[in-house]
Amino acid sequence: MQLNFRRRGIEGSGDEDRVRLLAGKNGRLRALRRGEDPGKLLLRLRRRSRRRRRRQQQLVEDPAYARKWETALMPNIKEYTVRAAAAPPACSVSHSVPAVVFSTSGLLGNFFHDLSDVLIPLFLTSSRYNGEVQFVVTQYRASWFEKYRAVLRRLSKYKVIDADSDERVHCFRRATVGLWSHQELGINPAQHPTGFSMADFRQLLRSAYSLPREFPRRLGTGTKPRMLFLSRTKSRALLNQRAVAALARELGFKVIVAAPEAARDMPKFAKTVNSCDLLMGVHGAGLTNMVFLPTNATMLQVIPWGELKYACRFAYGDPALGMGLRYLEYEVGMEETSLKDQYPRDHAVFRDPLSIHRQGFPVVWSIFIDHQNVTIDVDRFRPFLLETLRFLRQ
């Protein structure tokens, strides 16, 4: 067997090779293969300390999760180790299709991380097989698989194997451990052997959820563009949401306000997003729903106070452009943030926000992300929204 290193995992290949996965309730997953070489490969799943891992004469060890730079997160992800081994056990089940091994632990449950950490990497890793691939999952979450069942069944035709509860020996000729990942909420076609892009991933979503619009409607002088406003009820809430919606209606938008719970019914909400020409919201995971917008539709991100423009653009602005969308942003001013009621005007929060950044991400999160709400100045916002309207009608 030849082991080819990928950026986000390892892959075994070779027509005559056989990978065997032995999963048990003891928290271990072992994979063995037979080939012409005298050595055998053992794929062992085990949490180990760094010191103990260094003592192991292993070939490769890889957490089956794409977000590997999150070092604080990795201890919660089970790892797969490829090792030389002795004689393998007999196969309980022999598979004619390759395996893709991954975890559904980590930060899943947040739509941004569901897509960025698993669904997009899983698409990159498995789409070349056209459904002829077996998913082997550790730290399995049944509710997560049910939520995205419509998407997952287009990537694999086979029932998922729960690696932590299935005690049988599963034999595969080929296996990919871990998922390929290029960037946050995006795909770099130059890094993928088949040249897949976010346009291909968005086409998968349109197929999975039967979304009718690939492109937005042609807006004439008498046509009202549809604006979907994503409402927030906790941090980064828009406190004068009704006033902003009223302004948008006055200027000629048909406004749909979506509460956070609307996204729980994924198929229905995907169709709502797909019916709109403009998606607007304050920075947060809800903006990930832009994946359901038609190509050339517009995403408008409201950026909270605190020198967050670069981070917000990296998280959602750049991915929006990569999805074939138009991107606009509105930066909140000092008079529009609730922080003015918490800190004096000569505080570093206003005088030097970057000094807060230098204190580390937890401090930035606590002040600028988790404890800030927004009240948009409708007079300041009016010309911006008029420009957005002209932008949509181009």
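**Exercise 1.** Which residue just after α6 takes a positive phi?

*Solution.* Just after α6, G252 has a positive phi of about 120°. Helices here are DSSP runs (H or I, at least four residues), strands are E runs of at least two, and both are numbered from the N terminus.

This is a predicted model: local features need pLDDT of at least 70, side-chain atom pairs count only at pLDDT 80 or more, and totals for chains, interfaces and linings use all residues. Residues are numbered from 1 along each chain as its sequence is written, and side-chain values use heavy atoms, without hydrogens and water.

**Exercise 2.** Find the buried residues of helix α6 and what they pack against.

*Solution.* Step one: set the cut-offs. Buried means under 20% relative accessible area, exposed over 50%, partly exposed in between (1.4 Å probe, protein chains only).

Step two: list the residues. Helix α6 spans residues 241-251, and Q241, V244, A245, L247, A248 and L251 are buried. They lie on the same side of α6 because they cover an arc of only 155° around the axis, taken from the directions from the helix axis to the C-beta atoms.

Step three: turn to the face away from the buried side. Exposed R242 and E250 sit there.

Step four: name the partners. The buried residues pack against β14 (226-230), β15 (254-258), β16 (278-282) and α12 (378-392), with contact meaning heavy atoms within 4.5 Å.

**Exercise 3.** Locate the disulfide and give its handedness.

*Solution.* Step one: find the pair. C91 is joined to C171, S to S 1.8 Å; the cut-off is a pair of cysteine sulfur atoms within 2.5 Å.

C91 is in the loop between β7 (79-85) and β8 (93-94), and C171 is in strand β12 (residues 169-172), 80 residues apart.

Step three: read the torsion. About the S-S bond it is about -105°, so the disulfide is left-handed.
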